[in-house]
Amino acid sequence: MIPSFQQYQAGQKFETNNETNKKEEPMSLPDYDLDKVEDKGGSKFEAGEYFFEIKDAKEKTAKTGTVYTALTLDVETSTGQCKVFDNVFYSEKALFKLKQLVDATGMSQPKETEDFIGATGKAKFILGERGYLEVKWYISRAEATLNSSEVVKKVADAFPPVDPIDAPF
């Protein structure tokens, strides 16, 4: 039986259930051959500018009371695809990040968390302390288009050079 706060303050004695206070026996773990396990840590990804798609968005409240949206991004890196988690806080000091995200994705100002899902854009990613990718900043669509070597390469690949001798005119 758990004492009430008043009983505790009054120093009243109470009995405890020894069954609930008893320590559990340690659990025996299975034997694994860890040499055959592939390391899936974030360290295999390099920092850089990558395209992303927002796969999930959940409204949360920080311990300080500040409301934020927790985002799950699918990121296409030079070495494969990975998930990156980022938070957009709704405080005066942090609204710049929401502006960056809106500019990067081309979406209008979101009114609900579902408005984020499916949005795509480009961001600068860095390796965090734990070796996982983190968003450094979101890149505006205008800047991503002007400075994107990927766009230039895709256009060049789509229109290969033509030998003037083979020209139809």
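The model is predicted: local features need pLDDT of at least 70, side-chain atom pairs count only at pLDDT 80 or more, and totals for chains, interfaces and linings use all residues. Residues are numbered from 1 along each chain as its sequence is written, and side-chain values use heavy atoms, leaving out hydrogens and water.

**Stop 1: Phe-52 and Tyr-138.** Select both rings. Rings of Phe, Tyr and Trp (its six-membered ring) pair if their centres lie within 6.5 Å; planes under 30 degrees apart are stacked, over 60 edge-to-face, the rest tilted. The count is three aromatic pairs. Phe-52 sits in strand β1 (residues 48-61) and Tyr-138 in strand β5 (residues 133-139), so the pair ties together parts 86 residues apart in sequence. Strands (E, at least two residues) and helices (H or I, at least four) are DSSP runs, numbered from the N terminus.

Stop 2: Buried means under 20% relative accessible area, exposed over 50%, partly exposed in between (1.4 Å probe, protein chains only). Phe-52 is buried at 3%, and Tyr-138 is buried at 4%.

**Stop 3: Glu-134.** Glu-134 is partly exposed, with a relative accessible area of 39%. Lys-83 is 9.8 Å from Glu-134, C-alpha to C-alpha, and 51 residues away in sequence.
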